[in-house]
Amino acid sequence: MNSLLKALVLTTAIVFPGAAMAKSVTLTTEMKNYRGPGAYLVMYVTDANGTYQGTLWMAGSKSKYYKHLPGWFRATGGDLAQVSGITGASVGAGRSLQLSFDLSDALFDAGYNLHIDSSVEDGRDIANEIVVPLTSANAGNPVSGRRYVESFIFQ
Amino acid sequence: MLRALHKYAGLLATVLILILALSGTALSIIPAWEKLQTPVQSESDLNVAELAARIAANYPAVEQIKRAPSSRITAYYFAGGEPGSVLIDPATGKGIANYEPSPTVQWLTSLHRSLLLDDAGRLTAAAGALAMLALSISGLFLLARRMGGWRQFFARTRGPLAGRLHVEIGRFSAAGLILASSTAVFMALNTFEVLPQENTTPPFPTEVSGEMGVSPNAIPVLAEIPVSQLRELTFPYANDPSDVFTIRTDHGEGYIDQGTGELLAWQAPGSWQQLNETIYMLHTGRGAWALGLVLGLMVAGAPVLIFSGAILWWAARRSRPRLPRGAAPSKADTVILVGSEGGSTWGFAGTTQTALMAAGHSVHVAPMSRFTPAKYTQAKQIIVLAATYGDGTAPASAKGFLERLAALETPPSARLAVLGFGDSQFPAYCAFAREVVRQASENGWELLVPFASVNRQSPQDFASWGRTLGLALGHKLELAHEPAQPRTHRLTLVSRRDYGQEVQAPTSILRFAIPRTSLIARLGGRSWRQFEAGDLLGVLPKGSNVARLYSLASGSRDGFIEICVKKHAHGLCSSQLTDLAVGDTIEAFQRPNPHFRPANSQKPVILIGAGTGVGPLVGFARANTRQRPMHLYFGIRHTKSDLFYGEELPKWKDEGRLSAVNIACSRVDERTYVQDLLRRDAAMIGDLIEEGAQILVCGGREMAAGVAGALQDILAPRGLCPAQLKGQGRYAEDVY
């Protein structure tokens, strides 16, 4: 489990040395045309018990707003080390965010869930905007979000 | 330094500040608008538990309840797979209308804080706020300097419209602009996390009961919180036993178990957080709508300040001439030192330099602050042209001059000529130039010509000093300087009345037609503008390009241009004017003179004039259709000869345009002067002045001095003095 956490935290373009295989996964998040400024999004993984494992990406650069990503904030206590080096800009309404990771095979079909929390200024903070089980079967199937995310797909 | 900061910050940030100020003003209305839109909460003791229960009854899928500082309550719910938000009437818990944040307000907000450009825009906007702060503070100090100290900060302003507007609006807006820009800078520093950040959220409880389903009105903690303190109540996610109620109020933030209704954690905001919130409130007016409106109104002054400031800057820039290339300090036989604040004195220096160079001198021109007598080895004369700033301090380009002069052990061998520039309406007229002369004579520095002064950039004063200087230098010197030579119009004489031949003072009242101008000329700003009695008519006589100024005895509403001209024995302009026949033309321009006219009120006015000086005064009486009390004191030689306007004066008295006409004749057996009449009426004059009367004096210098002396004596027993009235703008002189 420890190795998995490392794999998650190291994320981009790094093949976890111990793992037998890793594959390139592209995550595409399309935002709805909600009215308002750019949304903060955070992508993180929990295990089958719902226990936080690690963060993949934080879209939004000002850490003082991270408390508005409720699920992630509760899981991590707002620990900035969890997102160090893996933050980017917030995502505007109607825009899409595409990210590529080399993820260990061990992550798939093992009960792990990928979560996205979202928050827009003056709007509702959304925990679990998206919750999608990381299974081979789900790859390539778009999922729609609860409020700000039009669709999410990983493949 | 202060002036340069003010100027460059203003020029650089012009567009930025315009955007920020206009959007800020528009946004300032929002809190008050929201307040108006929000239903008044009738139950003052309504608590959060009850409110949440009411809303939950109407919206079972409610996720979050928010209360804005305007007391507007919004509920967010999630039903049928669709999120919704609705404005709530707290009395019923029912929705009033669907809530959509206004796109206009969002756009304005985004424009205001980030110019629609995200972080780069935020930094730019923050720089704009910083510039505004620098401008406001430097502006305050400059203003205090200009008014002659902080005590006179709110004294009456004088001068051209752009300058007055800049001062008046600046005084009104300064506090608001400083508050808005300093809070903006603070908020920007906070946004970019330059300031320390404080965690305001309590740690999430590690254990919850795992039960679900407590109704909000069964939670004792919520029942203790009045709705007025509520900020946000977030319901637990449906079917998630690990989740909790999250409550945020004015006094802190906490978690409540969704099974037991117990308070699991609570954190009160630290003092830093409270400071943050106060600053946010001060800047946005959210939670203080009245303050928001006032702030918005003050900030609305910023565009006016920007434009009037730009006009002032441009005018100062344009009036600064390109000086001819002068000689090195060690080579020049003549050194001209300039003490200028706004830049206009440099124009006079340029004219002096050109004329002296044409007469064969080698001239070095420098600001007074660069006074280095040791270098002036060849100098025969040193000419100081000095303006005065505020209450008599050195103007910007003369800093340190007096100190350096005082420190000289022996005065320079070159002789000194000092010409002061100022406005005789100010109490400290040419005070700095006089101080230079005083210091020079204390040092034993020999004067080339006596001290002279130029009142309100008068070309005549300047030309006359030039002749004196020429005499002393042993050659002819004509100094023709008209600052920013105005465009002249051709005026046609329509009638004339002649007086005074019998007393060897031929004088004429000349009436010209107002020139018609084409639409194109009017659009281009080249038309004959509106004018009032007391404004000045500049006449360019044939054979000279030095304009002579005459006070206007009519306003544009009278439909003609009238002046009163006395023929001087060798006067070029007055001879030409008094020789005009009906139908002849002159070249003339107008110059506003807003200091010299009755203030806008119904308070009494005391008009004192002698000879042709009665011109503007009768103009005031002619325009006095509202029968404001006006007392005229008019000094002439003899009623049979030079009683100008003798036909109109009794008529105007009957019509109430003049309350009293007092005439003093100096060429009769019992000779009297206006000041004698003032002393005769001392009691009444004193009473009028105590009532708030304004005094307007027009005529020769001697008469004006006599009048000032008489008024001094009249006012002294009442604890008043003419200087005091001048300071309040209630005593104005137009003297020649």
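The following legends describe close-up views of a predicted two-chain model.

Residues are numbered from 1 along each chain as its sequence is written, and chains are lettered from A, with ligands numbered from 1, in the order in which they are written. In this predicted model, local features need pLDDT of at least 70 and side-chain atom pairs count only at pLDDT 80 or more, whereas totals for chains, interfaces and linings use all residues.

**View 1. Contact between chain A and chain B.** Chain A contributes 14 residues and chain B contributes 16 residues; two residues are in contact if their C-beta atoms, placed from the backbone, lie within 7 Å. The side of chain A that touches chain B comprises nine charged, three polar and two nonpolar residues. Here Asp, Glu, Lys and Arg count as charged, Ala, Val, Leu, Ile, Met, Phe, Trp, Tyr, Cys and Pro as nonpolar, and the others, Gly among them, as polar. For the complex, the predictor gives an ipTM of 0.72 and a pTM of 0.61. Chain B has an average pLDDT (the predictor's confidence in each residue, from 0 to 100) of 87, and 96% of the residues score at least 70.

**View 2. The three-stranded open sheet of chain A.** Chain A holds eight strands and two helices, in the order α-β-β-β-α-β-β-β-β-β from the N terminus on. Helices (H or I, at least four residues) and strands (E, at least two) are DSSP runs, numbered from the N terminus. The sheet has the order β5-β1-β8 with antiparallel pairing; two strands pair if DSSP finds at least two bridges between them. Because β5 (96-104) and β8 (149-154) of chain A each have a single partner strand, one side of each edge strand is left without a neighbour in the sheet. The twist averages 15 degrees from one strand to the next. Strand β1 (residues 22-31) of chain A is joined to antiparallel β5(A) by nine bridges, and A:K23 stands opposite A:L103 in β5(A).

View 3. Six bridges link β20 (residues 605-610) of chain B to β21 (residues 630-636) of chain B in the parallel sense, and B:L607 has B:L632 as its bridge partner in β21(B). Axes are lines fitted to C-alpha atoms, for helices over the stretch in contact, and angles run from 0 to 180 degrees between N-to-C directions.

View 4. B:F245 is classed as buried because 22 other C-beta atoms lie within 10 Å; the class requires 20 or more, while 12 or fewer is exposed and values in between are partly exposed, with C-beta atoms placed from the backbone. Leaving aside neighbours within four places in sequence, the contacts of B:F245 include B:L233, B:F235, B:Y255 and B:I256. The C-alpha atoms of B:F245 and B:F235, ten residues apart along the chain, are separated by 4.9 Å.
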